[in-house]
Amino acid sequence: MAAADVRRLELVRIPGSRDWDEWAVVPGETLGTAEGADAVALAGLVAGLPDGEPMRCFSPVYALRAHGAAETLFEIAFCFRCHNALVVVPNGGRPGLVAFGADSPSGQALLARFKAADRTAPGGA
């Protein structure tokens, strides 16, 4: 799936749930959206995240829900503490945890986008 397939992204805050191994969809409150070129740019940022060194906690706070022209394409829950992301594909299952470079420039830029949309985060909007 190419970043160009994304038409709209929802920035989501995940509640304190730790039952991620049972998620069919990523739960949470939509904090904001990115559409058109902004959505493509944000999806490109995610696609450009480098591999990371995974740790153990997996307590995701933020997620992206990507929409194409007619359907949800995928959801990704991010844990910036353990550097793991969970990809959920509707009707396609969950490939499992994927390590990403949370401390990389693109990882920090992604976290900054979430925090800017999240009024409850320190330094949020």
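Guide: Two rings of Phe, Tyr or Trp are taken as a pair if their centres lie within 6.5 Å, and the pair is called stacked if the planes are under 30 degrees apart, edge-to-face if they are over 60 degrees apart, and tilted otherwise. The model is a predicted one, and it holds seven aromatic pairs by this criterion.

Tyr62 and Phe114 are both buried. Phe114 also pairs with Phe78; here the centres are 6.0 Å apart and the planes stand at 55 degrees, so the pair is tilted. Since Phe78 lies in strand β4 and Phe114 in helix α2, this second pair ties together parts that are 36 residues apart in sequence. Phe78 counts as buried because its relative accessible area is 2%, under the 20% cut-off. Phe114 is buried as well, because its relative accessibility is 0%. Tyr62, Phe78 and Phe114 belong to one aromatic cluster together with Phe80 and Phe100.

In soluble globular proteins, nonpolar side chains tend to be buried together. Here the largest nonpolar core has 25 residues, and those that touch the most other members are Val6, Leu9, Leu64, Phe78, Phe80, Leu110 and Phe114. Two or more residues of this core come from each of β1 (8-13), β2 (29-35), α1 (36-47), β3 (62-67), β4 (72-79), β5 (84-89) and α2 (105-117).

In β1, five of the six residues are buried. β1 pairs with β2 in the antiparallel sense over six bridges, and it is joined to β3, again antiparallel, by six bridges. Within these pairings Leu9 has Ala34 as its bridge partner in β2 and stands opposite Ala66 in β3. Beyond its neighbours within four places in sequence, Leu9 is in contact with Gly32, Thr33, Ala34, Ala39, Leu42, Ala43, Leu64, Arg65 and Ala66. Leu64, one of these contacts of Leu9, is itself among the core residues that touch the most other members.

The loop between α1 and β3 also deserves attention. Phe58 is placed in this loop, and it is buried because its relative accessible area is 2%. Most residues other than glycine have a negative phi. Phe58, although not a glycine, has a positive phi of about 35 degrees. Ser59 is placed in the loop between α1 and β3 too and is buried, with a relative accessible area of 10%. The side chain of Ser59 makes a polar contact of 3.4 Å with that of Arg81. Not counting residues up to four places away in sequence, Ser59 touches Arg18, Cys79 and Arg81. His83, in the loop between β4 and β5, likewise has a positive phi, near 65 degrees, and counts as buried because its relative accessible area is 11%.

The protein chain has two helices and six strands, which follow one another in the pattern β-β-α-β-β-β-β-α. Of its 125 residues, 42% count as buried. Among contacts with a separation of 6 or more, 58% are between residues 24 or more positions apart. The chain exposes about 6400 Å², of which carbon and sulfur atoms supply 54%.

Terms used: Residues are numbered from 1 along each chain as its sequence is written. This is a predicted model: local features need pLDDT of at least 70, side-chain atom pairs count only at pLDDT 80 or more; totals for chains, interfaces and linings use all residues. Side-chain values use heavy atoms; hydrogens and water are left out. A nonpolar core is a set of buried Ala, Val, Leu, Ile, Met, Phe, Trp, Tyr and Cys residues joined through side-chain atoms within 4.5 Å. Buried means under 20% relative accessible area, exposed over 50%, partly exposed in between (1.4 Å probe, protein chains only). Helices (H or I, at least four residues) and strands (E, at least two) are DSSP runs, numbered from the N terminus. Contact means heavy atoms within 4.5 Å. Accessible areas come from the Shrake-Rupley method with a 1.4 Å probe; for residues, only the protein chains shown count as cover. A polar contact is a pair of N or O atoms within 3.5 Å; within protein, one must be able to donate a hydrogen and the other to accept it, and residues adjacent in sequence count only if both atoms are side-chain atoms. Two strands pair if DSSP finds at least two bridges between them.
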